[in-house]
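Hi there,

Could you have a look before we next talk?

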Amino acid sequence: MRSFLLFLLAAIVSVQGFAPSAMNGGSSFAVSQNRVTPIIESTNAALPTRRGQPLMMGGKMAKFGVFSPAVYAAKFALGEKKLNQVRGKAISLHSQAIGEFCLWAGAYHLRTKLIKKAKTNGDVLGFLV
């Protein structure tokens with residue numbers, strides 16, 4: 001457990017996207033999130049490929065967000081299968097809580113929209129990498 005916490009701390013500390021920029025005093029996080037697309041000179045050239053499986057979320061590439069380093073650390077510590085089990089249980093409990101809230105508020109017709117919004121927010125925050 002101690003080694004996992006040390007690894008998690010090292011992963012979080014090593015993220016330099018949050019470090020203040022010397023030029024403007026602001027965060028360079030937004031700049032570090034921009035992906036550079038390679039220019040392909042020939043139309044017949046093969047498309048660039050990534051190593052391993054691409055990170056997919058509902059048919060789209062998952063976004064790198066604030067919590068992505070923690071998710072990668074958990075994937076390393078737990079393994080992908082166990083991480084997916086834990087992630088599925090968390091999503092199930094969150095969806096159940098959203099449903100109970102909608103019942104309590106008398107707005108059960110908004111349940112599906114709220115669950116979709118939670119999925120979108122989880123992607124933006126980096127939980128789905």
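**What I found**

Among contacts (heavy atoms within 4.5 Å) in the chain between residues at least 6 apart in sequence, 53% join residues at least 24 apart.

Some background on the numbers. This is a predicted model, in which local features need pLDDT of at least 70 and side-chain atom pairs count only at pLDDT 80 or more, while totals for chains, interfaces and linings use all residues. Residues are numbered from 1 along each chain as its sequence is written, and side-chain values use heavy atoms, leaving out hydrogens and water.

**The chain as a whole**

You will find five helices and two strands, taken as DSSP runs numbered from the N terminus (helices H or I, at least four residues; strands E, at least two). Their order from the N terminus is α-α-β-β-α-α-α. Of the 129 residues, 18% count as buried, meaning under 20% relative accessible area with a 1.4 Å probe and protein chains only. The chain exposes about 10,200 Å² (Shrake-Rupley method, 1.4 Å probe), and carbon and sulfur atoms supply 64% of that area.

**H3 against H4**

How do helices H3 and H4 pack, in angle and in distance between axes? H3 (residues 68-78) and H4 (residues 80-105) meet at about 125 degrees, and their axes are 7 Å apart. The axes are lines fitted to C-alpha atoms over the stretch in contact, with angles from 0 to 180 degrees between N-to-C directions. The two helices are therefore oblique to each other, the class left over once angles under 35 degrees (roughly parallel), over 145 (roughly antiparallel) and 65 to 115 (roughly perpendicular) are set aside. Val71, Ala74, Lys75 and Leu78 of H3 touch Glu80, Lys82, Leu83 and Arg87 of H4. By type, these contact residues are four nonpolar, no polar and four charged, with Ala, Val, Leu, Ile, Met, Phe, Trp, Tyr, Cys and Pro as nonpolar, Asp, Glu, Lys and Arg as charged and the others as polar. Within H3, the buried residues include Val71 and Ala74. Just after H3 comes Gly79, with a positive phi of about 95 degrees.

**A glycine worth a click**

Gly65 lies in the loop between strand S2 (60-61) and H3. Gly65 counts as buried because its relative accessibility is 3%. What does Gly65 touch, leaving aside residues up to four places away in sequence? Its partners are Val124, Leu125 and Gly126. Gly65 and Gly126 are 61 residues apart along the chain, yet their C-alpha atoms are separated by 3.8 Å.

Happy browsing!

Methods. Buried < 20%, exposed > 50% of the residue type's maximum accessible area, 1.4 Å probe, protein only.
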